[in-house]
Amino acid sequence: MSLPSYVQFIGPLLQYLGEQRAPVRTRTVYEELANRLSLSETERTTLLPSGMQPVFQNRIGWAHDALKRVGLSSAPTRGSWLITDAGRKLLEAHGGRLPEAEAERIGSEAREVAVQPLPGSSGAPRAVRAVAADGAKTETRSPREQIEDALAQIRASVARDLLDHIAQQTPAEFESLVLDVLYALGYGTSRKALVRTGRSGDGGIDGIVALDRLGLQKVYVQAKKWQGQVGAPQIQGFMGALQLQGADKGVLITSGTISGPAREAARQARGSVVLIDGAQLAELMIEHGVGVAAESLRIPKIDTDYFEGE
């Protein structure tokens, strides 16, 4: 059984709330519905792309949002839900169990309510229908999931574009980029504390990062602008270069990939050797804004502290 869509959670949620005589804490609702629907451990622990919340909890939250929009449920206090009289009457009309078609109707009606203009505004109502990626009529994901999935697709596309741009760089430009990324990560007391030292094809140290003002603690960097895979011999060569410097801390960053034997060689290093491949490098650039600009996406939500404050 696949994880129910947020619309498929509407029926079980209304039925559960209909059995309660007092407001129920959301945490209790999540647990009870997960048990009633026999969700697996994987279904209970799978997180949104942002890692902020389990997917099933997010879908239950949007199911409750749909019930609230059509007046079948309410949130009388922060973090608690309560069925309304209209919700009880609807359940009674169907023998205490909400039919699937009725849940679909509620989900559809809630979406229409969501896009109506506010009273007094000049906007005209817009007809909106969610469409799944496979062309199905009903979208299984919650609105929040759709946003996060779209952002994940954008990040993946930008990461690919970054690697394409890096492929056009000279080795010297790539070495400077690597130092910019390390500085964005918080290494070095200033950007000047990250010095590019390498020469194209020298096979040695390409940069030095001073971790303190006096330069007593240093990290040695090798930047490998490769299209292919970095293997164990390249790691062993880097470790040899570190030994010549009397160093025990090193970072090797490549625009390509890193083989399993190469990672094993790094794990066996006497000191600390960190390996970062092209995919990781692109993610770090996106996360820390190196060569990447960001657009603000304002997602509104209620500030409950404001309304509960004195």
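## Buried and exposed

Buried means under 20% relative accessible area, exposed means over 50%, and partly exposed lies in between. Glu148 has a relative accessible area of 7%, so Glu148 is buried. The model described here is predicted.

Thr77 sits in the loop between β2 (73–74) and β3 (80–83). Val24 is 53 residues away from Thr77 along the chain, and the two C-alpha atoms are separated by 9.7 Å.

## The five-stranded sheet

Five strands form an open sheet. Their order is β4-β5-β6-β8-β10, and the pairing is mixed. At the edges are β4 (194–196) and β10 (272–276), each of which pairs on one side only. From one strand to the next, the twist averages 20 degrees.

Inside this order, strand β6 (residues 218–224) runs parallel to strand β8 (residues 249–254). Five bridges join β6 and β8. Tyr220 has Gly250 in β8 as its bridge partner.

## Helices on the sheet

Helix α8 (residues 171–184) lies across β4, β5 (207–210), β6 and β8. Helix α8 runs at about 170 degrees to β4. Helix α11 (residues 278–288) also packs on the sheet, where α11 touches β8 and β10. The direction of α11 makes about 85 degrees with that of β10.

## An aromatic cluster

A pair of aromatic rings is described by the distance of the centres and the angle of the planes. The count here is two aromatic pairs. Tyr30 and Phe56 are edge-to-face, with 6.3 Å centre to centre and 75 degrees between the planes. This pair links distant parts of the chain: Tyr30 is in helix α2 (residues 26–36), Phe56 is in helix α4 (residues 55–69), and they are 26 residues apart. Both Tyr30 and Phe56 are buried.

Tyr30 and Trp81 are also edge-to-face, at 6.2 Å centre to centre and 85 degrees between the planes. Trp81 lies in strand β3, 51 residues from Tyr30 in helix α2. Trp81 has 9% relative accessibility, so Trp81 counts as buried.

## Salt bridges within helices

Side chains of opposite charge can pair when their charged atoms come close. The structure holds 12 salt bridges. One of them joins Glu102 and Arg105, whose closest N and O atoms are 2.5 Å apart. Glu102 and Arg105 are three residues apart in helix α6 (residues 100–114), so about one helical turn separates them. Glu102 is buried at 14% relative accessibility, whereas Arg105 is partly exposed at 37%.

Glu148 forms a salt bridge with Arg144, with closest N and O atoms 3.1 Å apart. Both residues lie in helix α7 (residues 143–167), four residues apart, or about one turn of the helix. Arg144 counts as partly exposed because its relative accessibility is 31%.

## A bridge between helices

Which residue meets Glu283 in a salt bridge? The partner is Arg155, at 2.8 Å from N to O. Glu283 lies in helix α11 and Arg155 in helix α7, so the pair ties together parts 128 residues apart in sequence. Glu283 is partly exposed, with a relative accessible area of 33%. Arg155 is partly exposed too, with 35%.

Salt bridges that share partners also build a network, which joins Glu102, Arg105 and Glu109.

Terms used. Residues numbered from 1 in each chain as written. Predicted model: local features only at pLDDT ≥ 70, side-chain atom pairs only at ≥ 80, totals over all residues. Heavy atoms only, no water. Helix = DSSP H or I, 4+ residues; strand = E, 2+ residues; numbered from the N terminus. Pairing = 2+ DSSP bridges. Axes fitted to C-alpha atoms, helices over the stretch in contact; angles between N-to-C directions. Contact = heavy atoms within 4.5 Å. Phe/Tyr/Trp six-rings, centres within 6.5 Å; stacked < 30°, edge-to-face > 60°. Buried < 20%, exposed > 50% of the residue type's maximum accessible area, 1.4 Å probe, protein only. Salt bridge = Lys/Arg side-chain N within 4 Å of Asp/Glu carboxyl O.
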